[in-house]
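Work through these exercises with the sequence and the coordinates open. Try each task before you read its solution.

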Amino acid sequence: MTEPGLVELASSLYQLRIPEGPAHLLNSYLWLGSDGVTLIDTGWPDSAALIERALAALDRRRADVVRIVLTHFHEDHAGSAAEITTWSRVEVVAGADDSAFVSGERRGPLPSLTVLERTIHAESAEPPHGPACRVDREVREGDVLDFAGGARVVSVPGHTPGSIALYLPDADALLTGDAVAEFNGEVILGVFDTDRVTAKLSLAKLVGTGAQIAGFGHGEAVLVDAGARIAAATDPFADVPERS
Ligand SMILES: [Zn+2]
């Protein structure tokens, strides 16, 4: 059994690499609080065993998980949430405008792919849902969750309608979900967005946190000057302007 890929980003904050599956450098995150563990995203539908091994490596158990925060409904982020709710009395938190897609009440929107995105991601007729998972708490911009010194919800629509990021004051860290990514050393606008224009506008809100550290849904974390790095984010998968 391989050791889970855990990286300590700050005291109590760990990045967990999810190695399986087709996605680019997929991550979830763990916050080890005095009252229990918060998971931020849960990997693919088959990632629960990996998360359990990560907990064990951190001297924690399944029953220690008190909260799951889902940055958005996609299956590489919400995938194992339903299974993990069976481990303990856990509160599932999601953005209000993605909640119905997480719970399976409604079909989520398809990403609108650019020409370049289509070269790395097959177009699909099915929205990328994970297994349906109940949502106990719907959150909006400015809501505060009781961990990490008062984790603040930043609403970052665009990748999906209800995408959220979290700013964790105790770690001066931002967890962006797929609003932003790291790709080949560059901080970039997240790809496979429902609405790219809105996604770009959401970046300013993340910059506004002034966070030092950023952990992305995909790619390597940034440990210094994350706000400035996100301010300078590039968009290498943007549509090439059409020639007239
Ligand atoms: Zn996504």
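The model is a predicted one.

**Exercise 1. Find how many helices and strands the protein has, and test its radius of gyration against a compact globule.**

Step 1. Count the elements. There are seven helices and 14 strands.

Step 2. Apply the globule rule. For 244 residues, a compact globule would have a radius of gyration near 18 Å. The protein has 17 Å, which agrees.

Step 3. Take the box along the principal axes. The C-alpha atoms fill roughly 60 × 40 × 35 Å.

Step 4. Of the 244 residues, 48% count as buried. Among contacts with a separation of 6 or more, 64% link residues 24 or more positions apart.

**Exercise 2. Give the strand order of the open sheet of seven strands, and state which strands stand at the edges.**

Step 1. Read the order. It is E1-E2-E3-E4-E5-E6-E7, and the pairing is mixed.

Step 2. Find the edges. E1 (5–10) and E7 (137–139) each have a single partner strand, so one side of each is left without a neighbour in the sheet.

Step 3. From one strand to the next it averages 25 degrees.

Step 4. Inspect E1 and E2. Five bridges join them, and the two strands run antiparallel. Leucine 6 is opposite leucine 16 of E2. The two strands form a hairpin with two residues between them. Serine 12, in the turn, has a positive phi of about 80 degrees.

Step 5. Inspect E3 and E4. E3 covers residues 26–33 and E4 covers residues 36–40. They run antiparallel, joined by five bridges. Tryptophan 31 has threonine 38 in E4 as its bridge partner.

**Exercise 3. Work out which residues of helix H1 are buried, and what covers them.**

Step 1. Place the helix. H1 (residues 48–57) lies across E1, E2 (13–18), E3 and E4. H1 runs at about 145 degrees to E2.

Step 2. List the buried residues. They are Ala48, Leu50, Ile51, Ala54 and Leu55.

Step 3. Look down the axis. The buried residues of H1 fall within an arc of 160 degrees, so they line one face of the helix.

Step 4. Turn to the other side. There, Ala49 and Ala56 are exposed.

Step 5. Identify the cover. It includes E1, E2, E3, E4 and helix H3 (81–84).

Step 6. Go past the helix end. Aspartate 59, which follows H1, has a positive phi near 65 degrees.

**Exercise 4. Describe the open sheet of five strands and the pairing of E8 with E9.**

Step 1. Read the order. It is E8-E9-E10-E11-E14, with mixed pairing.

Step 2. Find the edges. E8 (144–145) and E14 (213–215) have a single partner strand each, so one side of each lacks a neighbour in the sheet.

Step 3. Count the bridges. Two join E8 to E9 (residues 151–155), and the strands run antiparallel. Leucine 145 is opposite alanine 151 of E9.

**Exercise 5. Name the residues that touch the most other members of the largest nonpolar core, then list the contacts of alanine 173.**

Step 1. Take the core. It has 72 residues. Leu166, Ala173, Leu174, Ile213 and Ala214 touch the most other members.

Step 2. Follow alanine 173, leaving aside neighbours within four places in sequence. Its contacts are Leu9, Ala10, Leu13, Leu168, Ala211, Ile213, Ala214 and Gly215.

**Exercise 6. Classify glycine 33 and phenylalanine 183 as buried, partly exposed or exposed.**

Step 1. Recall the cut-offs. A residue is buried with 20 or more other C-beta atoms within 10 Å of its own, and exposed with 12 or fewer.

Step 2. Apply them to glycine 33, in E3. Glycine 33 has 17 C-beta neighbours inside 10 Å, so it counts as partly exposed.

Step 3. Apply them to phenylalanine 183. It has 19 such neighbours inside 10 Å, so it also counts as partly exposed.

Step 4. Glycine 33 touches Ser12, Thr38 and Phe147. Phenylalanine 183 is in contact with His24, Ile188 and Gly219.

Step 5. Glycine 33 and alanine 148 are 115 residues apart in sequence and 7.1 Å apart in space. Phenylalanine 183 and glutamate 52 are 131 residues apart in sequence and 27 Å apart in space.

Methods: Residues numbered from 1 in each chain as written. Predicted model: local features only at pLDDT ≥ 70, side-chain atom pairs only at ≥ 80, totals over all residues. Pairing = 2+ DSSP bridges. Helix = DSSP H or I, 4+ residues; strand = E, 2+ residues; numbered from the N terminus. Axes fitted to C-alpha atoms, helices over the stretch in contact; angles between N-to-C directions. Contact = placed C-beta atoms within 7 Å. Core = buried A, V, L, I, M, F, W, Y, C linked by C-beta atoms within 7 Å. Rg over C-alpha atoms; globule rule 2.2 N^0.38 Å. Arc of directions from axis to C-beta.
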